[in-house]
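User: I've got this one open on my screen and want to know what the labels rest on. Can you walk me through them?

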Amino acid sequence: MEYQPKVHHTIKDPKKIDRIMQSALENFAEFGYQTAKMENIATDAGVSKGTVFYYFGSKAELLIQVLTKAIEVLNDAADVSVWSEAQSLTEMVTRATRYKFQLELEYQMEFKVLLKIYIGIGHLPNELQATITHLIGGYTEVKIENLVGPILERENFRPEVDKTIVVEMMLGIVKQIELDSQQLFEENADATMADFEPIIDKVMQYMDVLEHGYLAK
């Protein structure tokens, strides 16, 4: 059953909300849902633990709001022309990957919390799993499918190729890129764009195999 957040009709201090949300973002991104502690979130926000529960009701509701806010921030920051102006699928994926890494450097916590929670989704309480899958998984897949669609229409596919299979393969590549970038950040918190170049090179190899296959002609 999908988790349903509770509605609280209370007067709340916007500054406290911002501090709690920022603290929760950092704690969930660093420790994940299970390990992050509400008392630490409260301490880092400069409020009492009771205030956190008064404002958000539960740890689960706080997580939902943090993830929702992270997605809003990334949606507002994204420049879709990076995708839409590409002339081929390979160019689009390569440009989008490079651009995504630039966004990751600017919005490290937002990306980190989405990936951290999604990877550990199997360890979340059952009532939260459906909500998180819909929230994060839906955001990633729908966005990619919408952006890839116009590019696919311009590509010269073999008649027997199912374009949905190509989209699914691309989603697999995207998820692998996310894992590689997360590992890079874990190993080097001060990573720059230059550090991402090997991953971008690998993306080009992925796309070459996807486009041309792996058997010699």
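User: What share of the contacts in the protein with a separation of 6 or more comes from residues 24 or more positions apart?

Analyst: It's 70%, with contact meaning heavy atoms within 4.5 Å. Bear in mind that this is a predicted model, where local features need pLDDT of at least 70, side-chain atom pairs count only at pLDDT 80 or more, and totals for chains, interfaces and linings use all residues. Residues are numbered from 1 along each chain as its sequence is written, and side-chain values use heavy atoms, with hydrogens and water left out.

User: How many helices and strands are there?

Analyst: The protein has 10 helices and 0 strands. Those are DSSP runs numbered from the N terminus (helices: H or I, at least four residues; strands: E, at least two).

User: Why are α6 and α10 called roughly antiparallel?

Analyst: Helix α6 (residues 89-106) and helix α10 (residues 193-212) pack at about 155°, their axes 10 Å apart. Axes are lines fitted to C-alpha atoms, for helices over the stretch in contact, and angles run from 0 to 180 degrees between N-to-C directions. Under 35 degrees counts as roughly parallel, over 145 as roughly antiparallel, 65 to 115 as roughly perpendicular and the rest as oblique. So α6 and α10 come out roughly antiparallel.

User: What makes up that contact, by class?

Analyst: Among the residues involved are Val-93, Phe-101 and Arg-98 of α6, facing a set in α10 that includes Phe-196, Ile-200 and Glu-211. The contact of α6 with α10 divides into 11 nonpolar, 4 polar and 4 charged residues. Here Ala, Val, Leu, Ile, Met, Phe, Trp, Tyr, Cys and Pro are nonpolar, Asp, Glu, Lys and Arg charged, and the others, Gly among them, polar.

User: How do you know that α6 is close to its expected span?

Analyst: With 18 residues, α6 reaches 25 Å from first C-alpha to last, against 26 Å expected at 1.5 Å a residue. The expected span is 1.5 Å times one less than the number of residues.

User: And why are α4 and α7 oblique?

Analyst: Helix α4 (residues 59-77) and helix α7 (residues 108-119) pack at about 130°, with axes 9 Å apart. That angle makes α4 and α7 oblique to each other. Leu-67 and Ile-71 are among the α4 residues in the contact, and Phe-111 and Leu-114 among those of α7. By class, the contact of α4 with α7 has 11 nonpolar, no polar and 1 charged residues.

User: How much of the protein is buried?

Analyst: Buried residues (under 20% relative accessible area, 1.4 Å probe, protein chains only) make up 43% of the 217 residues. In α6, they include Met-92, Tyr-99 and Lys-100.

Note on methods: Buried means under 20% relative accessible area, exposed over 50%, partly exposed in between (1.4 Å probe, protein chains only).
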